[in-house]
Amino acid sequence: MPDTHIEFRDIDKVFPGQHALKAVSFAVERGEVHALLGENGAGKSTLLNILHGIFAPTRGAVLIDGKPATFANVHDAIGAGVIKVHQEINLVPEMTVLQNIFLGCEITRHGLVDRRAMQAETQKLLASLGCRFGPDERVKFLNVGEMQMVQIAKAIHLRASIVSFDEPTSSLTDREVETLFQVILRLKAEGITILYISHKLDEIYRICDRATVLRDGAYIATFPVAGLPKERLIKSMVGRDVAMFAKRHRPRCVDWQDVMLRVINASGNSGFRNVTFDLHRGEILGFFGLVGAGRTETMRGVFGADRLTSGAIELHGREVAIKSPADATAHRIGLAPENRKTQGFVKVLNNRDNIALASLDKFQVGPFQSHSAKAKHAAQMGDKVNLTPNDPAFFTANLSGGNQQKVVIAKWLTTDADILMLDEPTKGIDVGAKSEIYALMEELVHQGKGIIMVSGELPEIIGMSDRIVVMHDGCISAILHRDEFDEARILTYAVGGGVDEPEAISQEQ
Amino acid sequence: MRSGVAWMSLKQFLKNNSREVGLLVALVVMTALFGAINPLYVSPANITDIVNQATIYGLMALGMTFIVISGGIDLSVGSVLALIGVIVANMAVAGIHPLLCIAAGIAIGFGVGAMNGFMVAKMNLQPFVATLGAMSFIRGFAYVISGGYPVIGIPASYRTMVDGMLFNGIRTSILIFLIVAVVCHILLKHTKFGNYTYAIGGNEEATRLSGVKVDRYKILVYAVGVSCTAVAALVQLGKLGTGEASAGQGYELNAIAAVAIGGASMAGGRGGIVGTVLGALLFAGLKVGLIVVGVDTFWQYVATGLVIVIAAYSEKIQSKLSETSGRVRAWGEPSPGASKAAGD
């Protein structure tokens, strides 16, 4: 006997120029973990935002327990126990865990805050979630996973009956993901209904009961997850078969004689030591490691964004001094940073200006910048990287994640960079756009560029790389050739164990 | 169908320049309002007077526009006005050629600005604090140099050069303001320097990671910005005929107000010269208007303050409106300020 908790009835949402949701109807049962699946732009987040009162639906209604529950704002939704654990964590960093949990609902006695009561309550909440930090810890000292726990504690404290998660694991370590899953299952056991957005299918299979697939704003189907073939799920999401994504489709093209970049014994204060590796022409060099292994820091060090404390960098056999990103750019190195939105592009600029940003000298006519040349160039680049919409006047910030990444890559192609360092190039990007980024990478190495791809996703690393550098705790623990690619082996190196001594794994963390 | 095309491009123009158009409308409405109460307000003499008044902090606001768009602020410009006034007055009195005086004044402005920029870019001080310090020690230097006495006896050759009468009451100073405004507009919209100014204000880290020498451009932004104040100081000296160490107190706030009314974002990344010029005119027109219609001096402050807040609020509403009518945004992300394309 299904017990319907939330019903989406005929929901339409029209934004100017975009029909984001088209007559979406489905029901979510009480106490289930319900996944929302679909490519970026399929309408998942829009639907959640309607549930949480952030947007009003253009047509249709949300029913909770059979009653219309179209909230006017987030505050009303929270009051009704409908709470969102945010993708971009929204806590006040300078305040303590306790203050954050009780922000807006402080317990007061005679008009003064009752610290003791709040302390006891927070203590209880944290203990029940198995948190290892105290109520007086400042949030800024917590890591992402712990901050999420604070948000969940707050949701429990507010007696949530519906909690939604939007990509909760995108910046968590494996261990933190594990903790999060246990907490989610606990919430479920308490009868709380969970809505869960993720691009990682494995997670869906781990914790979700049912999954609803959206495509281009339309409802496709709701599946019970258990026993559902993965291929079928993917197929329904993208409407085409991408079972073969994260694979190389063209012949390998590494020129092993041509070392483009050689990093020798590089160390930096940001957390990497004695890093030595080569990048060859036509090579995709994968950099794998767990969160905190020092991969991003290494890239930033080589790029000059952080200072190297020792070590050397050789380009095409000649030692060069790279002291700033400007030096790196001049040496035709490009970096697509991990935090695309905060470091990859400039929000207030449109595609034209973001693509041109690193190469304004090229668009100089006398003392002036030629905007028309930039626009023309941006349109050409857009074609090359398959940007949609390919409109130079479109603001990069308004594009989907995959297209934003294409703009960042287009920026570096404009500089004629021949070494590209792509840090988590497909993070938070849907399956369809991922395969486009992969195809673009393959095209670029065929043009004779060298690519370093930092990634924490094994299938991607294994599928795309010519060699894999595995990092652990700031050092390179292995450099593997293609015939040595093996998930277990790579993971063993990543957690710091040697291949012959698997017991070392247990000592880690 | 030609008219249809023209209509579309007009609509696009209005949308892309909604802030400027809004300011223009506000300016016209305000002028009409004051004019209706007191017809003297719209007399050519009075309007010339308004523009005249707008030149000094208008010039300062032009420079401030660069600094604000880059994500900074400069509180020292009022003091810079005094310092340059005192130094150049001494030079002019000593009989140095006016052109040389002008060159020296602008060089000092550029230097002081570069110093402020250095504190912000290289010493990593917050612009507010760094220039708060500069505000005090620059004023101090002005007093030290002048000994606290006004420098009088500026030769007429200098005064006519920067504030002579051209025709019909139009002064050289107005022409200077216009020329500087045009130069600033071109600098901001059509040069590499201008492009970087927007990019740095929009996202400094992303700009640095794009290989831009951000520090160098930030220093340049302050140098150019304060150079505009130098021009204001030179004009002011011509207008008043005395250089005083106490000049320009609080002018930095007028300049910032004009920039804010003009639609620049204090968070950086957005703004423009046309908006700032209109903002300065609106500000001056309001001040003169309140006097002309006989509002009590004390209430003038209240009214001026209210206008700044209302202008800032209308900017908020405007960007909200353009969010819903502009190009599609990715949801859950902060507004990129949908209707203004930097560099357009």
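The legends below describe several views of a predicted model.

Residues are numbered from 1 along each chain as its sequence is written, with chains lettered from A and ligands numbered from 1 in the order in which they are written. In this predicted model, local features need pLDDT of at least 70, side-chain atom pairs count only at pLDDT 80 or more, and totals for chains, interfaces and linings use all residues, while side-chain values use heavy atoms, without hydrogens and water.

**Figure 1. Fold of chain B.** Chain B contains 14 helices and 2 strands (DSSP runs: H or I of at least four residues, E of at least two). The C-alpha trace spans about 65 × 55 × 40 Å along its principal axes.

**Figure 2. Nonpolar core of chain B residues.** Within the largest nonpolar core, which has 80 residues, B:Leu59, B:Leu62, B:Phe66, B:Tyr158 and B:Ile273 touch the most other members. Helix α11 of chain B (residues 214-240) supplies the largest share of this core, 14 residues. A core is a set of buried (under 20% relative accessible area, 1.4 Å probe, protein chains only) Ala, Val, Leu, Ile, Met, Phe, Trp, Tyr and Cys residues joined through side-chain atoms within 4.5 Å.

**Figure 3. Surroundings of B:Tyr158.** Leaving aside residues up to four places away in sequence, B:Tyr158 touches B:Val88, B:Pro98, B:Cys101, B:Ile102, B:Leu234, B:Leu237 and B:Gly238 (contact: heavy atoms within 4.5 Å).

**Figure 4. Second core.** A separate core of 73 residues includes A:Ile284, A:Ala358, A:Met381 and A:Phe394.

Note on methods. Buried < 20%, exposed > 50% of the residue type's maximum accessible area, 1.4 Å probe, protein only.
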